[in-house]
Amino acid sequence: MTKIKKSMKAIFTATRKKHILAGICGALSVTIMITVISLGVSGNTTEDEISKTNIIEEETELTLAVTEKDTEAATEETTEETTEEITEEKVLSSIEAAETNTVTSVQNNSYTISESDYDSLLKIVQAEAGGEDETGKILVANVIFNRVNSSRFPNTVGDVIYAKGQFSPVAYSSFSNTKVSESTKIAVDKALSGIDYSQGALFFCANSSSGLFGGYTYIMTHGGHTFFK
């Protein structure tokens, strides 16, 4: 904002200078006219004096014309710089706003699931998003709940998690022994309470594999995962 104020001040200063120059031009023109009239009235005006007066008037008009042109050019340049600064600031503001509002949540109805499904949910979130922040963990849980609510998938958390070819960690024998962190438990409980960042996402993958989902609707990228529906 300081840059914009300084630039606007420069424009106003250039405009004032232009008005002052216009005033000087008018004053000089009047002075020259009075001089010419006075010489004519006195009856002592020679052709040489008239010629000198004409030359002075022409030089004055030329100087003022050049000065006015330079002033206009400076004003246009200042205006362009001001426009560029305003545009740049708007772009930066948009970027900052986008970074601030990358993921937003909604409050859905809470979920009630069986103890075994809860255990499976904790493990799959840990296995898929153990290195993500809380929002990243909640997003994975959201995807599972979205699938439960979709006619395209099974209608229980456990059946969604163990569906063939859906979540790769379940294919490993170590999945059943997954150690769940406290932060994962907190994230899963928040998802169960109804906190939802997913915007209806039904799929997610590592960012490096997002090209495999070209036929789906992109929703967002958060942390190491890209989400689709």
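Okay, let's start with a question: which residues have the most contacts inside the largest nonpolar core? They are Leu 121, Ile 124, Val 125, Ile 144, Phe 145 and Phe 227, and that core has 28 residues. Before I go on, please keep in mind that this is a predicted model.

So where does that core come from? Helices H3 (115-129), H4 (134-148), H5 (157-161) and H6 (182-192) each give two or more residues to it, and so does strand S4 (218-222). H4 gives the largest share, 7 residues. As background, in soluble globular proteins nonpolar side chains tend to be buried together.

Let's zoom in on Ile 144. Leaving aside residues up to four places away in sequence, Ile 144 touches Leu 121, Ile 124, Val 157, Val 160, Ile 161 and Phe 167.

Three strands make an open sheet, ordered S3-S5-S4, with antiparallel pairing. S3 (203-206) and S4 are the edge strands with a single partner each, so one side of each has no neighbour in the sheet. On average, neighbouring strands here are turned by 20° against each other, ignoring direction. If you look at S4 and S5 (residues 225-228), they pair over 4 bridges, and Thr 221 stands opposite Thr 226 in S5.

On to the aromatics, where the count comes to 10 aromatic pairs. Take Phe 167 and Phe 204: the ring centres are 6.1 Å apart and the planes sit at 40°, so we call that pair tilted. Phe 167 is in the loop between H5 and H6, while Phe 204 is in strand S3, 37 residues apart. Phe 204 also forms a tilted pair with Phe 227, at 5.9 Å centre to centre and 40° between the planes. Phe 227 lies in S5, so this second pair ties together parts that are 23 residues apart in sequence. Phe 227 is buried, with a relative accessible area of 1%, and Phe 204 is buried too, at 12%. There's also a cluster linked by ring pairs: Phe 153, Phe 203, Phe 213, Tyr 216, Tyr 218 and Phe 228.

One last stop: is Ser 198 buried or exposed? It's buried, with a relative accessible area of 0%. Ser 198 sits in the loop between S2 (195-196) and S3. Its side chain makes polar contacts with the side chains of Asn 146, at 2.8 Å, and Asp 196, at 2.6 Å. Beyond four places away in sequence, Ser 198 touches Leu 139, Asn 142, Asn 146, Ile 219 and Met 220.

Notes: Residues are numbered from 1 along each chain as its sequence is written. This is a predicted model: local features need pLDDT of at least 70, side-chain atom pairs count only at pLDDT 80 or more; totals for chains, interfaces and linings use all residues. Side-chain values use heavy atoms; hydrogens and water are left out. A nonpolar core is a set of buried Ala, Val, Leu, Ile, Met, Phe, Trp, Tyr and Cys residues joined through side-chain atoms within 4.5 Å. Buried means under 20% relative accessible area, exposed over 50%, partly exposed in between (1.4 Å probe, protein chains only). Contact means heavy atoms within 4.5 Å. Two strands pair if DSSP finds at least two bridges between them. Axes are lines fitted to C-alpha atoms, for helices over the stretch in contact, and angles run from 0 to 180 degrees between N-to-C directions. A polar contact is a pair of N or O atoms within 3.5 Å; within protein, one must be able to donate a hydrogen and the other to accept it, and residues adjacent in sequence count only if both atoms are side-chain atoms. Rings of Phe, Tyr and Trp (its six-membered ring) pair if their centres lie within 6.5 Å; planes under 30 degrees apart count as stacked, over 60 as edge-to-face and the rest as tilted.
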